[in-house]
Amino acid sequence: MDPRRTARTVSDPKVRQVGFFTPAPPERSVSDPPRFQDPIQPPSPSPTQVNDHSPSGNSLSPVMIPPAHHHSDNFLRTALQATSPTKAFSYSAKTVTIPPENEDVASSFSPGRKVVSAKSPSSFPGVKASSVPASELTTVSVVNLPPGISEKAGGASVEVQNDRPVSAKTLKEKTSKAERRALQEAQRAAKAAAKAEGTKASSAASKVVTSANTKPSKAAKSSSQKNDGSQVAASEKKGGDRAPEKDRKKDAPHPRMQYDDKSRVEKAKKRAVVKQTEARNRVELFRHLPQYEHGTQLPDLETKFFELDPMHPAVYKVGLQYLSGDIRGGNARCIAMFQAFKEAIKDYSTPPEKTLIRDLTARISSYVSFLIECRPLSISMGNAIKFLKNRIAKLPLALSESEAKSTLMLDIDRFINEKIILSEKVIVKHAVTKIRDGDVLLTYGASSVVEMILLHAHELGKHFHVVVVDSRPKLEGQLLLRRLVRKGLSCTYTHVNAVSCIMQDVTRVFLGASSVLSNGTVYSRVGTACVAMVAHAFHVPVLVCCEAYKFHERVQLDSICFNELGNPDAISKVQGRKEINYLDGLVNQENLQLLNLIYDATPSDYVSMIITDYGMIPPTSVPVIVREYRRDHLWS
Amino acid sequence: MPYTNQAAALIHSVKAVGERLIAANPVELAVGNVVRRVLHIVREEDLSLTTAAMAGLNLSAESDDEDDTDRDNHPALSAAAIAAASRSTLRPPSLQTLLEDVPDSAAVPHTSSSGGDSEGKSKSADKSSRSRKLKHDVIEAVNELIQDISTCHELIAEQAVEHIHQNEVILTLGSSRTVLEFLCAAKEKKRSFRVFVAEGAPRYQGHLLAKELVTRGLQTTLITDSAVFAMISRVNMVIVGAHAVMANGGVIAPVGLNMVALAAQKHAVPFVVLAGSHKLCPLYPHHPEVLLNELRSPSELLDFGEFSDCLDFGSGIGAPLLHVVNPTFDYVPPKLVSLFITDTGGHNPSYMYRLIADYYSADDLVLERRTTSGN
């Protein structure tokens, strides 16, 4: 493969292959050979070489995305507004590489993208191998960029991809062995670390995580070697054949921590950074979920700020923001977490006599367990953490510390850019085709993607009316409502009880999601299921807008097996209405329990269509995406 | 207007008052129900008096069987009056009376004018005694009605034990006194069960109900309305009160209950509606979300102060950009209701129309009096 081929500005529409297929032999770069020597080079747009090699081809013709800069800016601005003004996250276009002029991004998304599977919503990643050649993922975002437009990340990632095959070809045999050695070492070290830390919850996490890292990296390596058909040695080929079976066995996601297991809860408490007092009057049905007193955590954490040496201040800040609810929304939380991790990685220095990979992984795990104590992870965050740990584990040993750190930071930027920012743009582009003049669109709560869709459709000049349905206790719809009315959309506002009164006038329902599970269940803010059910009863189509990185291979039948419990006091007190104080003084009665669910599970039969960056798919295709795109692309 | 038929006069005056009461708040269907009940009572009492008198007349006529034909020729003084009066009550409304809305009692004096003075005197004597009896009966019946309405809770609560067994989980939304008494009656009988109360925004009546249940010792969990679908898979029964029950078996209920009913249907959870018989309305719900609904103040949803900049933002055509919809009631179609529990027992939604015949007369469905030239 010639890395110096000139860019092609026209991409041939190819048939997208879904299902089992063998990629063409003269394939693109191996995914995990040693890293490029020089990560930052003058960006040269030569991304389209990958286009030819991507096995699934390019099925969509280039579609123009209208000037998209304000989407991401809007998103950033809203993310900023949603969060208290912080300096830790400078959502400038520099750090999060948003290509405003990236018109043709959409076309390459569906073949090149890949969804992470197996990430349990807590920090315990599923032990599922996801093998996506890193190169493919990086180049996806810059495929079809007109020459001359080169974003820093895009260029750098192109460079990554360019350099990798060169080095891969020359040093492949040796580096693969070194890789394997390093991986085994990491595995052994992780096991030792796990034993040292005991069986506390976070150790289970790190154990699982590191083993997950080793497993997917091994599998990734073997599958990428599969791609280099003829050049693969026999032994490596064997490894490649073995990996899929192992993957299949490990396909079942690692069981999550169940909080009714007293011994594990006690051990977790001992190592916890955040002192949690268990809530009184716990609802029996939810004994398996953590339920804590909410008022006491924040002041306690604030006092500890200067005591926690191992905790990076940026991570600490993000944790506090999660705890106080300043950052909400799957994408915002994920981006905030990654920005904090970038800071932490930037300031990281390997202690003597430790390897970077192992130590950094352990440190990231400790950060993650801290974040979990502040607020349980969303599924998108879980997937993102798995990605990061995967990237860390794949760092070649030969890399210097600064190079490794900058690689990681670039990877993080790329992830944010491709999986979140750009995929939102693709979703918006698809979704606005479903909005016609005269529509009455209903939305529930405040989803960032749905907001972008509505604003974009409004800018395109479509005339429609929006119904914003809101619910207690978060009343998130008011935030969305304010932003929509400011932009001049005509809106109706109501509460979730009235949805069956208003549904007869509605033509379409747009919903956001925290995650879509493999049985098609949409895991989203509590109340979404009610809205979808009523829409179904009135024969109104329900469109769920969800980025592909939020897909998960877990399955869930109802909202009780897994959920998040919020602050019970938010139920008894009504914000802004002092006269609703019927429950004053009763809160500690043993007969009264207050249940504040955060999420619920919408059955797939209420959902007409899911709009993702892979296109518009029915709910039954979610496991297909999880499975197929996991295999082709390294989850990088 | 001269009414020789006391009942018709009573009906007319009750209708006059009732019309005004209903016009004051058409959505409050119980008012119309009670008015129609009273009218029905008047008609019934009148009918029963007439039939009693007729029966008495027949008995007296029976004594001389061979003079059947003579009965008409030699009418007993009371018999003629009774027959005339009975004709007015028992006669089906003639086309003439329907079209012209002429009180059919006006026809009576003519037919019985052949009676003569003695008859007239006896008639008036009978009339006065009959009218006194009618008044007495009607007042008694209305008192009974008042009694029924105030004790409907107990009668309904008595049936609680039949429906709530041990270790049940019950879901309700908002607050209803009938539901409260129902659940407490089951608690008295030592049934152990738990209650999920949905708070019922934006009035938050669920908080009140939860407080009441807790003070009476029931295990209560308060949830938000949005969590209803999430929790309903673990619920055994949904028990709610109603604002009104319509003639087709549909329910006008506090807002949010249609959502609960749909969720209950999806999970095959019985949806039980408790309603006193005074809530049964003989009208059919046409477009109930709009016509039988009441919109409350938007300030319950949005703070005026916070959203004042958005609320009076006029667009180019002058229409406000932001509407806030705060309905009070929801319509639950009869196919979503599993059972009605009334003070007369448990009924299927498809049976409710039969109960209407017990409580209401067909003449009273439309309460507006048509103005005629004669008046």
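Reader: How many residue pairs are in polar contact across the interface of chain B and chain A?
Author: In this predicted model, the rule finds 20 such residue pairs, both residues being at pLDDT 80 or more. A polar contact is a pair of N or O atoms within 3.5 Å; within protein, one must be able to donate a hydrogen and the other to accept it, and residues adjacent in sequence count only if both atoms are side-chain atoms.

Reader: Which classes of residue are on the side of chain B that touches chain A?
Author: That side has 29 nonpolar, 15 polar and 12 charged residues. Ala, Val, Leu, Ile, Met, Phe, Trp, Tyr, Cys and Pro count as nonpolar, Asp, Glu, Lys and Arg as charged, and the others, Gly among them, as polar.

Reader: And how many salt bridges does the rule find there?
Author: It finds 3 across the interface of chain B and chain A, a salt bridge being a side-chain nitrogen of Lys or Arg within 4 Å of a carboxyl oxygen of Asp or Glu. B:Arg234 forms one with A:Asp558, where the closest N and O atoms are 2.8 Å apart.

Reader: How many residues of each chain are in contact?
Author: Contact, meaning heavy atoms within 4.5 Å, joins 56 residues of chain B to 61 residues of chain A.

Reader: What should I know about the numbering and the values?
Author: Residues are numbered from 1 along each chain as its sequence is written, and chains are lettered from A in the order in which they are written. Side-chain values use heavy atoms, leaving out hydrogens and water, and local features need pLDDT of at least 70.
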